[in-house]
Amino acid sequence: MSPTFKQRLLGATIALAAVLSVISAAPAAAAETSPRPAPPDERTAGTDSAADSSTATMNVYLTSDQWEKLRSTPRSSKIQEPPPQVPGQRPGPDAWAEAEDRTTPLPVSDTPPDGAVKDCLAWETVLWHVYDRFTACQRYAVEAKYYEISNTAPPELEGTTTFTFELLAQADARQRRVRTFVRLVKDSVDYDWGAWDNVFLAPNINLTVSTDCTSGQRLEVCTTSPGPVTMPFAVWDNNDRWYYWDVFNEEKSGQGRDRVSAAQWHLEFSSRGGQYEITHPYHTPDRMIRCDSAGYFSKGQARYPHACVFADAVPHLDYQLGGPRDEVAEHIWTAQELPASTYPLPQPGGTKTIPGQYTFDQSVPGLHRILETHPQYAENREHKTGACYKTGRYRHLYQDTGLPTPPDTKNPDPSKRQDCDEYPFASTLEGCASQRWDCSVKAVNASVNRGAGTDLKNFYVDQRILARDDTLFEPELTNDTFYVDITSAPTPARLHAQPDHG
């Protein structure tokens, strides 16, 4: 069976062993490695898993003539300054992108955000960690082995150079691109070439780093800029400057209402010099970004009609019991954990099934955003009105099962006025009008409810939750799914206070 679009979208970032090889004119097998994964972020999917190993291998094969030329190349005893990076020739963001009113995701600049570096790269070895929808990273060691080859003898190891690199990938909330920042960890380069070559040869061998699209993709699907950066190992090792490359995805490659498309890319290492060049550089496993041109994302006057995200991160909206949205958090917790105790009541002897609980398992039914123009949005509101107030077009469905006392919307004390809160939300396909799922309604403090509604709207923008589009290929698989996570647990008193309909 051929893979689905969703499987293709996520398959490049799941449990891959790292393979880094650089091969010259002579044929040689790539070395397979299994770097140790980062400790998983318990609240984020997307961290690779692999066997217990913390070093990837890069093999470089040179003929005796190439080695002779390399050793005879004049060397400078002075450590060079790292060269400036030439920016790619791509247009900057449009005028709308100048607004800086959002806190997450952070704007893309010439250096990665300090907080993202600290939080994502929190462990010694990070195979591939998708920290959130806009941030991913990796850090691990590479062992570069240099061999002399001939037609008459097995390859002979000349020396080994090890180094540790860091990558911070930042998806853009303003353009269809991801910016990949790369550097070698300062003072991480070690040489095992023998006393003489450790000083006079190995530090002067070049290491070339670049980002490239996966082979076979059309230019409108994936392009990268700028070009490779080449420096001697000694220069890489003595500076902590970040170098960056942009991976672009063009709108014309997209599908559906929001022009959704995915691009694959990888980080590439090679070892090149003036007297020789490795013609077949190999690379880290392919990574995937999903890009769109949805025109309905905004905050205040700022609009965000283009963006890319790491779609294998599982978006989830958090509400905290005991926090500023406590009443809403308690309502959602009850709906998720004790659905049969909520209104509207189940039929006698029946039960209720309410989706959307965040459990770290992506196979659990989630929620799907819909726009206010979607026919079900208004239907969700009508069913909520019937269940809460026993009024409107569907009041007859809820005369016996709806709230026994409607929310107090006209209390003379504004701080005590109530709204009707519904879960799943009216802005989801799983709302109260759903023919597949049940819902819950409850009277909650009006100010708290409206604050929770603002949180939901901000979540849609900040996590780039696309609204459902049934024109996409296999819409059940390719549309965004999100969840709601209620942090901490209710007290025994709260559990006891849940309504008893027995």
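Visitor: Which residues are linked in a network of salt bridges?

Guide: The structure shown is a predicted model. By the rule applied to it, the count of salt bridges comes to 21. The residues linked in a network of such bridges are Asp110, Asp172, Arg177, Arg179 and Asp246.

Visitor: Where in the chain do aspartate 110 and arginine 179 lie?

Guide: Aspartate 110 and arginine 179 form a salt bridge, with 3.4 Å between the closest N and O atoms. The pair joins distant parts of the chain, 69 residues apart. Aspartate 110 lies in the loop between helix H2 (64-72) and helix H3 (114-120), and arginine 179 in strand S6 (residues 177-184).

Visitor: Which strands hold arginine 139 and glutamate 166?

Guide: Arginine 139 and glutamate 166 form a salt bridge whose closest N and O atoms are 2.8 Å apart. Both arginine 139 and glutamate 166 are buried. The two residues stand 27 residues apart, arginine 139 in strand S4 (residues 135-149) and glutamate 166 in strand S5 (residues 156-171).

Visitor: Are helices H6 and H8 roughly parallel or roughly perpendicular to each other?

Guide: The axes of helix H6 (residues 326-337) and helix H8 (residues 446-462) come within 8 Å and cross at roughly 75°. Angles of 65 to 115 degrees count as roughly perpendicular. H6 and H8 are therefore roughly perpendicular.

Terms used. Residues are numbered from 1 along each chain as its sequence is written. This is a predicted model: local features need pLDDT of at least 70, side-chain atom pairs count only at pLDDT 80 or more; totals for chains, interfaces and linings use all residues. Side-chain values use heavy atoms; hydrogens and water are left out. Axes are lines fitted to C-alpha atoms, for helices over the stretch in contact, and angles run from 0 to 180 degrees between N-to-C directions. Helices (H or I, at least four residues) and strands (E, at least two) are DSSP runs, numbered from the N terminus. Angles under 35 degrees count as roughly parallel, over 145 as roughly antiparallel, 65 to 115 as roughly perpendicular and the rest as oblique. A salt bridge is a side-chain nitrogen of Lys or Arg within 4 Å of a carboxyl oxygen of Asp or Glu. Buried means under 20% relative accessible area, exposed over 50%, partly exposed in between (1.4 Å probe, protein chains only).
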